[in-house]
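Please look through the sequence and the model below before reading on. The report that accompanies them is meant for someone meeting this structure for the first time.

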Amino acid sequence: MNKFLLPVLLALTVLVTSAPQPARAESLATTAERKAFYQFSPKRVDPARTDERLSEVIYKGLVLWVGKPKKGKPTVMYLPGSGKNLHARGHKFRWFLNRGYGVVAMAYPGMGGSKGQPSRQKIQSLADQLYRDIPKMTGSKKIILMGESLGTGVAVAIAAGKPGHANPPSAIILQAPYTSLVDLTAAKNPALLPFVAGRTDLWPTKRYIQNVKAPTFIMHGERDRTVPFRMGKRLYQLSPAKNKVLAAREKAGHTSIWQQNVLTPLREWLQAIHGK
């Protein structure tokens with residue numbers, strides 16, 4: 001999730017001063033949400049350039065990267081962070097594929113060739129639908145939810161909602177999760193808080209996670225300057241899962257957490273749940 005920048009605040013200030021009518025409040029909130037939280041790259045890349053086991057699937061206007069699991073293995077539903085595109089996460093997809101897991105990676109609206117404009121409601125609705133359809137897509141009913149930064153809120157909301165109740169995830173992996181986007185705004189740029197403070201729907205993960213009992217693995221760098229480490233620690237404390245791990249790394253930042261000292265315990269944890 002990229003840093004909140006001063007131009008975002010300036011753009012929103014212009015919108016406020018030029019549109020004082022209450023009737024435009026909803027569109028202003030949507031504009032604020034997009035500018036603050038979604039810095040996607042629209043560049044579309046052939047997944048075969050990353051790994052020949054991956055293919056592109058168009059799903060309700062979204063670009064998906066799909067790799068089938070080996071027999072008996074679950075599929076990882078990968079929900080990315082707010083920056084760049086799926087190609088930037090290719091090394092993570094290979095890590096799962098090399099261990100026999102399937103991958104279904106979702107490019108949000110406006111990311112990597114996917115159609116439409118992003119919003120919390122649209123992203124979550126499409127993610128919920130995709131989660132229900134993954135068994136038909138890959139032949140595997142078992143699903144591991146993997147959320148990265150922005151995607152952690154989406155993943156926990158799936159698990160806590162109707163899709164997760166109908167088919168509980170076999171495991172949840174959260175990389176640099178936040179307690180809510182409102183909390184994150186308050187921590188990162190309080191000047192933007194008036195634009196989102198009333199939004200109770202901006203992925204309040206600290207509330208949702210209390211209803212998720214699936215095995216949960218949280219990885220978070222203590223030097224994370226994008227999503228404060230204390231948020232990942234708080235979610236670990238709130239999780240009711242009997243099988244939960246907080247892989248905290250003192251020297252890791254927001255993107256440098258994906259290292260061997262986290263991946264080895266993650267591999268062993270997954271093997272204990274799903275077998276080798």
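What follows describes the nonpolar core, the salt bridges and one hairpin of this predicted model.

## The nonpolar core

The largest nonpolar core holds 81 residues, and among these Met77, Leu79, Phe96, Ile173 and Leu266 touch the most other members. The element that gives the most to this core is helix H5, residues 150–160, which supplies eight residues. In soluble globular proteins, nonpolar side chains tend to be buried together.

Leu79 can be followed in more detail, leaving aside residues up to four places away in sequence: its contacts include Met106, Tyr108, Ala127 and Leu145, and also Gly151, Val154, Ala155 and Ile158. Glu148 is another of the residues that Leu79 touches, and Glu148 returns below as a partner in a salt bridge.

## Salt bridges between separate parts of the chain

The model contains nine salt bridges. In one of them the side chains of Glu148 and Arg89 meet, with an N to O distance of 2.9 Å. Because Glu148 lies in strand S7 (residues 143–148) while Arg89 lies in the loop between strand S5 (83–84) and helix H3 (90–97), this pair ties together parts that are 59 residues apart in sequence. Both Glu148 and Arg89 are buried.

Another salt bridge joins the side chains of Arg44 and Glu56, at 2.6 Å from N to O. Here Arg44 belongs to the loop between strand S1 (39–40) and strand S2 (55–59), whereas Glu56 is in strand S2 itself, and the two are 12 residues apart. Arg44 counts as partly exposed, at 46% relative accessibility, and Glu56 is also partly exposed, with a relative accessible area of 32%.

## A pair within a helix, and a network

Asp133 and Lys136 form a salt bridge in which the closest N and O atoms are 3.3 Å apart. These two residues are three apart in helix H4 (residues 120–138), so about one helical turn separates them. Lys136 has a relative accessible area of 71% and is therefore exposed.

Salt bridges can also link several residues, and Glu33, Arg120, Arg199 and Asp201 are joined in such a network.

Strand S2, which holds Glu56, pairs with strand S3 (residues 62–67) in the antiparallel sense over five bridges. Within this pairing, Leu64 in S3 is the bridge partner of Val57. Two residues stand between the strands of the hairpin, where Lys60 takes a positive phi near 50 degrees.

Methods: Residues numbered from 1 in each chain as written. Predicted model: local features only at pLDDT ≥ 70, side-chain atom pairs only at ≥ 80, totals over all residues. Heavy atoms only, no water. Core = buried A, V, L, I, M, F, W, Y, C linked by side-chain atoms within 4.5 Å. Buried < 20%, exposed > 50% of the residue type's maximum accessible area, 1.4 Å probe, protein only. Helix = DSSP H or I, 4+ residues; strand = E, 2+ residues; numbered from the N terminus. Contact = heavy atoms within 4.5 Å. Salt bridge = Lys/Arg side-chain N within 4 Å of Asp/Glu carboxyl O. Pairing = 2+ DSSP bridges.
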